[in-house]
Amino acid sequence: MYECPNCGGNLKFDIASQQLKCDYCLTLKDPYEVTKDKDAEESSAFDVTVFTCPQCGGEILSTDTSAAEFCSFCGGSTILDSRISKEKRPAYIIPFKKTKDECKEIYISKMKRALFAPDELKDKKYIDGFRGIYIPYWAYTVSQKGPVHMKAQKSYSKGNYNYTDYYDISGEINACYNDLSYDASSSFSDAISEQIAPFDVKQTVQFSPSFLSGFYADTADVDSSIYKEDAIKVANDSSRNQIRNTPAFRDLSFSLPSSNSELNAMLRTRCSAPERTMYPVWFMSYRKGDRVAYATVNGQTGKVAADIPVDPKKYILGSLLLALPIFLLLNLFFTFKPTFTLGLSAILAVLTFIIHMAEVRKINVRDQRMDDRGYLSQQSKSTQSSKPESSAARGGFWGSVLAGIAAALIFIINPVADYWYYAGTIIAFIGVLFTIIAIIKKYNILATRKLPQFDRKGGDDRA
């Protein structure tokens, strides 16, 4: 907590003025002027209050000591345990640029287009739950400087002959890629991080703990080596494309090494030690049963990413309202043979079966967080074993299977009476509808996440 020098009130970072502002006398102070003795610039660490959720083990940091009453990660409404700790000081920070009111307006604008979203996601009380959290990032700097030698060739035809010219290309490269950023928190999904990216790193400023006043910060627990090769690949790909798109070289085919180490040597690629940074994110969780959905807004640019489940009742009602005029129009202008309608129902059965199985695979990837390298790196260090796929992700495809079998049997038997085809079509569509409902349920599982369980050791283990 930072005290106002005029009245002793609590100074919090004010987004509009980009200054610290007193809650009572409205005094404004420069964030770099209001420091504590323990926050001296030469120190490599700063004091924070670590709030730990007793339900999932998720941790958030704050420079304030006031109690936190709900967990951002699992959505649990509980008083979080707290302790004083020391955290490593980041080098830079991007202060919040979007206010909470602006964040809410951006989210509401997105939800207006989500016609089938549950009403709870549009409730004002729920939307007011956005919390400003600084997410830790690793910022890599990749440089490429020195002589470069490449081989290229150009093939062409003249008359009845094919020719190939070979080139040895030499030159100097002088490129630098600054602040290639990757999130350093295992609790913040890589998928969410990518969806709200990029941040404008030109607006980074030197870090001061006073910027955190009135906000929270996530813990940095992902090793900097995890994303080093990713940053190097981004730099190599960018330089390689730049060389290929040089007007004098556009007709040439370059012979580039396949291994990363050889490509690094060719382009003189060097990656310096990454800097710790913090980027602003407005974060909100929506918990229902044993699942949780997240809504995030980039606190600098306003880019939004949200997990939006579907209300089955709204979806079915909307589909019926849309299907009715389509049916009337088709009935006025087209006549379908019984065999065609049965064949169409069989095709729908196959499509819904494929979609259902694809959703099951996506659920498994999401629940096991197979696309989150930061999380997987932390799991590999712990003794926790991965949990098996949820039983809720299995089954539900039998409607499509039975629909396909019914259609196939009727086509094989090939009865003379049309009512067999109509009966088979009705049975097939009922089976397809059953699978569609199952797909909606699977989508809702996919649009939410398992309640997190973090492997926290507790105590001042980062001091």
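Helices, of at least four residues, and strands, of at least two, are taken here as DSSP runs numbered from the N terminus. On that basis the chain of this predicted model comes to 10 helices and 18 strands. Buried residues make up 43% of its 463 residues, and the accessible surface amounts to about 25200 Å², with 57% of that area belonging to carbon and sulfur atoms. Among the contacts with a separation of 6 or more, 75% are between residues 24 or more positions apart.

**Helix H5 and its cover**

Helix H5 spans residues 260-267, and its buried residues are Leu263, Asn264, Met266 and Leu267. Viewed down the axis of H5, these buried residues fall within an arc of 165°, so they line one face of the helix. The cover over them includes strand E9 (131-158), strand E10 (161-183), helix H4 (228-244) and strand E14 (269-271). After H5 comes Arg268, which has a positive phi near 60°.

**A buried threonine**

Thr296 is placed in strand E16, residues 291-298, and it counts as buried because its relative accessibility is 0%, where the cut-off for buried is under 20%. Apart from neighbours within four places in sequence, Thr296 is in contact with Phe188, Ile192, Ile196, Val281, Trp282, Phe283, Lys303, Val304 and Ala305.

**Salt bridges**

| Glu33 | Lys29 | 3.8 Å |

For the bridge between Glu33 and Lys29, Glu33 counts as exposed at 56% relative accessibility, whereas Lys29, at 24%, counts as partly exposed.

Arg240 and Asp237 are three residues apart in helix H4, and they are therefore separated by about one helical turn. An α-helix has 3.6 residues a turn, so residues three or four places apart point the same way. Arg240 itself counts as partly exposed, at 21% relative accessibility.

Beyond these pairs, Asp101, Lys104 and Asp128 are linked in a network of salt bridges.

Note on methods
Residues numbered from 1 in each chain as written. Predicted model: local features only at pLDDT ≥ 70, side-chain atom pairs only at ≥ 80, totals over all residues. Heavy atoms only, no water. Buried < 20%, exposed > 50% of the residue type's maximum accessible area, 1.4 Å probe, protein only. Contact = heavy atoms within 4.5 Å. Areas by Shrake-Rupley, 256 points an atom, 1.4 Å probe, with all protein chains shown as cover. Arc of directions from axis to C-beta. Salt bridge = Lys/Arg side-chain N within 4 Å of Asp/Glu carboxyl O.
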